[in-house]
Amino acid sequence: MLRMPIEYHRSVALWRAATFFAAVLVLAVAIAVGGCGINPRRLAEKRVEAQLPRLIAPAKRYRVTLLGRHERMLQGKVKAARIVGEEVEIQPGLVLRELIVELEEIEYRQNAPLKAKSGSFHAVLSDEALQGYLRELLPPVRSPWSLVVSRLDNLRVRSRAGEIRLLIDVHTRLGVKLSGELGGQLRLKENKQVWFEASEVKVVGISVPEKVRELLAELFLNRPLIDLSGVKAPVRIERIAIGDGMLMFDGAVLVEKLAELMQG
């Protein structure tokens with residue numbers, strides 16, 4: 001089993017979806033002060049949108065849709081909220097093509113934590129974005145491979161339905177450049193860690209034996225691709241899918257923990 005050594009040491013921003021609830025506090029004021037000729041619902045949505053770059057992450061664009069009757073919103077109740085973010089930079093150098101957060105049955109009251117019946121998220125990461133990010137995180141060549149390999153570079157990512165392939169150039173101490181290729185899948189562990197598991201390794205187009213793959217796993221691929229174990233944000237990854245040219249992540253916002261976070 002081969003595992004890609006990548007640190008997602010600052011990926012907390014993506015998983016701040018729960019902090020969106022704080023922005024909903026703007027809703028009551030927005031509706032109450034809606035000016036003449038302005039749709040109060042849209043005014044509230046725009047004011048929430050303005051808070052999202054700070055609460056979630058910078059993005060090219062956010063679009064918020066609030067569902068529910070105006071009179072119930074004034075009572076502190078929103079039937080549903082949907083956030084769509086385009087080109088969301090969850091951390092420097094790593095940009096999501098799309099991030100969607102959906103919340104249902106939201107209640108907010110003065111001097112009380114916000115509540116919601118349920119919440120979910122969906123994120124899309126393109127091959128190009130992942131490729132650029134991983135190129136900056138290529139690990140140094142460790143012993144004993146450093147005796148024959150000087151460096152790794154030119155990482156490329158190729159995803160297709162059900163499989164991801166990583167192609168890389170291997171520079172040897174003799175001045176020869178070899179092409180390497182890893183093919184495999186992503187596996188979710190404990191709803192917090194995403195591992196890359198290679199089922200095939202090729203060097204100059206030739207598959208290497210299983211024993212060599214196992215040795216490489218200990219040297220290069222011994223950590224999760226994404227590790228959210230230390231993240232306190234109330235989210236849970238429930239599904240990972242590999243599409244054509246993209247990775248997709250789906251999960252739940254753990255709304256039962258919102259009160260604790262809001263009070264912290």
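The structure is a predicted model, so local features need pLDDT of at least 70 and side-chain atom pairs count only at pLDDT 80 or more, while totals for chains, interfaces and linings use all residues. Residues are numbered from 1 along each chain as its sequence is written, and side-chain values use heavy atoms, with hydrogens and water left out.

Start with the sheet. Six strands make it up, in the order β1-β2-β3-β4-β12-β11. The sheet is open and its pairing is antiparallel. Strands here are DSSP runs of E with at least two residues, helices are runs of H or I with at least four, and both are numbered from the N terminus. Two strands pair if DSSP finds at least two bridges between them. β1 (59-67) and β11 (235-243) stand at the edges. Each has a single partner strand, so one side of each is left without a neighbour in the sheet. From one strand to the next, the twist averages 15 degrees. Axes for such angles are lines fitted to C-alpha atoms, for helices over the stretch in contact, and the angles run from 0 to 180 degrees between N-to-C directions.

Now follow the pairings. β1 joins β2 (residues 77-91) through eight bridges, in the antiparallel sense. Within this pair, V64 has I83 of β2 as its bridge partner. β3 and β4 also run antiparallel, joined by nine bridges. A123 finds its bridge partner, F249, in β12.

Next come the helices. Helix α2 (residues 40-55) lies across β1 and β2 and runs at about 140 degrees to β1. Helix α4 (residues 127-135) packs on the sheet as well. It touches β2, β3 (94-107), β4 (115-126) and β12 (246-253). Contact means heavy atoms within 4.5 Å. The direction of α4 makes about 80 degrees with that of β4.

α2 has 16 residues and spans 22 Å from its first C-alpha to its last. That is close to the 22 Å expected at 1.5 Å a residue, where the expected span is 1.5 Å times one less than the number of residues. Its buried residues are L43, A44, E45, V48, E49, L52 and L55. Buried means under 20% relative accessible area, exposed over 50%, and partly exposed in between (1.4 Å probe, protein chains only).

The largest nonpolar core holds 54 residues. Such a core is a set of buried Ala, Val, Leu, Ile, Met, Phe, Trp, Tyr and Cys residues joined through side-chain atoms within 4.5 Å. I164, L186, V194 and F249 touch the most other members. β3 gives the most to this core, with six residues. Leaving aside residues up to four places away in sequence, L186 touches V194, W195, F196, L225, I240, I242 and L247.

S126 sits in β4. Its relative accessibility is 11%, so S126 counts as buried. A polar atom of its side chain lies 3.2 Å from the backbone nitrogen of A129. Beyond four places in sequence, S126 touches R97, G245 and M246.

E105 lies in β3. Its phi is near 50 degrees, a positive value in a residue other than glycine. E105 is partly exposed, at 36% relative accessible area. E190 is found in the loop between β7 (177-189) and β8 (193-203). Its phi is positive too, near 55 degrees. At 69% relative accessibility, E190 counts as exposed.

Definitions and conventions
A polar contact is a pair of N or O atoms within 3.5 Å; within protein, one must be able to donate a hydrogen and the other to accept it, and residues adjacent in sequence count only if both atoms are side-chain atoms.
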